[in-house]
Amino acid sequence: MDRYYVASDRGGKPSPDVPTFQRFSVGTNESLRFDPCEESPPSPPGADDGDHGDVFEGGETEREISSIRDQLQGKVAEMENFAGHLEEIFLTVEENFGRREQHLEQHYNDVLQTLSQRYDERAAGLEEEKKNKLEALYGQLLACGMTLDATKALIETAQEIYRCQDKRLFLKMVMPAIKRIEEFAKEETDLTLATSLEFNTPLADLSDVKTMMDSISVVPAPSAPVVNSQMPNSASQTSLRVCWSLFSDDTVEYYELYYRPVLEDAPANTSTPHVSKVEVRETHCTVTDLLPNAQYELWVTATNTTGISPASEKALYMTVPSPPVIRQRECSSCPEAALIRWESGNTNPVDSYTVEFSQMGNDGPESFITESIVAVPTCQCLIQLQPGQHYLISVRAVNIGGPSDRSEPITISTTGTFFYLLEDTAHPCLSISEDGFTMFYGDEELPISAMALDDNTFTRCVAVLGDLVPVRGKHYWEVEVDDVTEFRIGVAYTDTERNSFLGANGTSWCMRHILSPSRHKYEFLHNGWSPDLRITVNPVRIGVALDYDRGTLSFFNANLGQHLYTFHCHFQNYVHPCFSLENPGALTVHNGIEAAEYTFM
């Protein structure tokens, strides 16, 4: 810490009551601090010119020192801020210098490596050229040696003939020797060098080295970007909004986003999906023309004048699912609730579903208040509703990309119990009408071999179940059947025996109509037992009232409002309406109607 001293710039004798100097300290990490100095001894008489009195008066001196102190505090604060800024600049410069140094070292090593490779290539080329030239010269030298040997042999032969004293032998040997000499003379001897003594000196292509040297003075190639995780509600059914980051100060001219669909459970011989590419200048991009509820693999590269960065780590994004499809024939309702079922409408699984419903006014338009049930895990949902109302209900599928569009809505009424017949439980001899409320039993009997039977189908009793909403409370529906048709109507548990008659076991309760030559007989069966009752007026439209809370199942002549019979039983599980025909005929279910006051008295 340096110490600084400040004195007044005025001449004159200091006041004996006020310190002449103030000592303060300045540091980048300390605030301004003043310490009073010890009083200086008074100046001796005559030391000054004596023309002025005391310069500092008590109040004026204090104000001046206070002003100087404030000014110095401001200056020191400015110096501290400036020092902090310099420190930031220093760190930035140091970091940039380190990066540049690494960059320069990398380029230096690359240049040395490239030059070394060029040297090795040139040295290998020269060695190969030298080898070829020496082999050619050596071959030519061998040929010359053979020619010299042949010439020497001919000369020696001619000399021997010349020295021969026997004339006959001379004449005998001279002619073959002349022929050999003539033949040898006809052979042309190539006295030129088989190869040039000069070595090829091609110009070295150092353009890549020059490029690397030039690149030292430019910015380095960018580092690899990082693709951000997919944000909720960042997709649509056919598009994705992708964002990424670049964790450095690299200069980037543009980015290239690559993407392709991920094919799950694809056969091994399936070709790789096509990779698409988009060039953008921002760190975000919206990719369009995609498949709904599909998973896509994405990665990004950054490019500047120096080169292309490494590719980012691959990220997975999901498009929004397609809207579900409500299966209206499998929906049921009662005054307190509705059971809605739907199909996903998507090949890939979704995370959850959202059911939206709004109450409709009496004049039909949808109300402005929409309620939602979120995070529904399966393709069905039981909704608690208000009695005597009409609701508009739709479903959305949800994944990480966001919710789908609404499904086609359906209208649900809570004025009464509403359900369809379950065709998968119907006996093969039964046929169900298109609206799902009437069952027919034809005259033609099917052989057992022609019947399509499964575990859920009635096999012995020509019957079918209804899809009653699984809600405890009060339920009411009516059945219309002519008086010449034998039937059984009532309720049964889901697991009631399919090879047994309704009412003949402990899991079903029913009213049975038997047509005899003398009269119409009615039985109210459970576990095969029925009380002895006689009904005088044959009911054509029968009301069935189920009350879980009171444990009753009642039957009425709906046309007359006449009570026929009531079962008293504590239903431990949910039951289904059940209907059976025992001779050819038709039976129609009327539901969604309000129960009369007398039904639950």
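This is a predicted model: local features need pLDDT of at least 70, side-chain atom pairs count only at pLDDT 80 or more; totals for chains, interfaces and linings use all residues.
## Strand 19 and its neighbours

Strand 19 is joined to strand 17 by four bridges, and the two run antiparallel. Within that pairing, S413 of strand 19 is the bridge partner of H390.

Strand 17 (residues 390–399) also pairs with strand 14, again in the antiparallel sense, over nine bridges. Here H390 in strand 17 is the bridge partner of M360. H390 is therefore a residue with a bridge partner in strand 19, namely S413, as well as the partner M360, where partners are assigned between DSSP strands. Strand 14 covers residues 352–360 and is mostly covered, with eight of its nine residues buried.

One of the facing positions is Y254, which stands opposite T303 in strand 9. A charged side chain is also placed against a ring in this part of the chain: K314 lies over the face of W299, at 4.6 Å from the ring centre.

A second open sheet consists of six strands in the order 20-23-31-25-26-27, with antiparallel pairing. Its edge strands are strand 20 and strand 27 (520–526), each of which pairs on one side only. Strand 23 (residues 463–466) is joined to strand 31 by three bridges, and these two strands run antiparallel. In this pairing A463 stands opposite S580 in strand 31.

The loop between strand 20 (421–422) and strand 21 (430–432) contains T425. Is T425 buried or exposed? At 2% relative accessibility, T425 counts as buried. The C-alpha atom of T425 is separated by 8.8 Å from that of R498, although the two residues are 73 residues apart along the chain.

## Aromatic pairs and a cluster

The structure holds 17 aromatic pairs. A pair of aromatic rings is described by the distance of the centres and the angle of the planes. Among the pairs is that of Y548 and F571, which is edge-to-face, with 6.2 Å centre to centre and 75° between the planes. Y548 lies in the loop between strand 28 (541–547) and strand 29 (552–557), and F571 in the loop between strand 30 (562–568) and strand 31 (575–581), so the pair ties together parts that are 23 residues apart in sequence. Both Y548 and F571 are buried.

F555 and F567 form another edge-to-face pair, with 6.2 Å centre to centre and 75° between the planes. F555 belongs to strand 29 and F567 to strand 30, so this pair ties together parts that are twelve residues apart in sequence. Both F555 and F567 are buried. Y548 and F571 also belong to one aromatic cluster with Y493, W509 and Y574. Over the face of Y574 lies R472, at 5.4 Å from the ring centre.

## Helix 2

Helix 2 (residues 167–186) has 20 residues. From its first C-alpha to its last, helix 2 reaches 29 Å, close to the 28 Å expected at 1.5 Å a residue. Where in helix 2 does a kink lie? The kink, of about 25°, lies at V174, shortly before the proline P176.

## Residues with positive phi

A375 is not a glycine, yet it has a positive phi of about 55°. A375 is found in strand 15 (residues 366–376). With a relative accessible area of 56%, A375 is exposed.

N527 likewise has a positive phi, of about 60°, although it is not a glycine. N527 is placed in the loop between strand 27 and strand 28.

Definitions and conventions. Residues are numbered from 1 along each chain as its sequence is written. Side-chain values use heavy atoms; hydrogens and water are left out. Two strands pair if DSSP finds at least two bridges between them. Rings of Phe, Tyr and Trp (its six-membered ring) pair if their centres lie within 6.5 Å; planes under 30 degrees apart count as stacked, over 60 as edge-to-face and the rest as tilted. Buried means under 20% relative accessible area, exposed over 50%, partly exposed in between (1.4 Å probe, protein chains only). A charge sits over a ring if NZ of Lys or CZ of Arg is within 6 Å of the ring centre and within 35 degrees of the ring normal. The expected span of a helix is 1.5 Å times one less than its number of residues. The bend at a residue is the angle between axes fitted to the seven residues ending there and the seven starting there.
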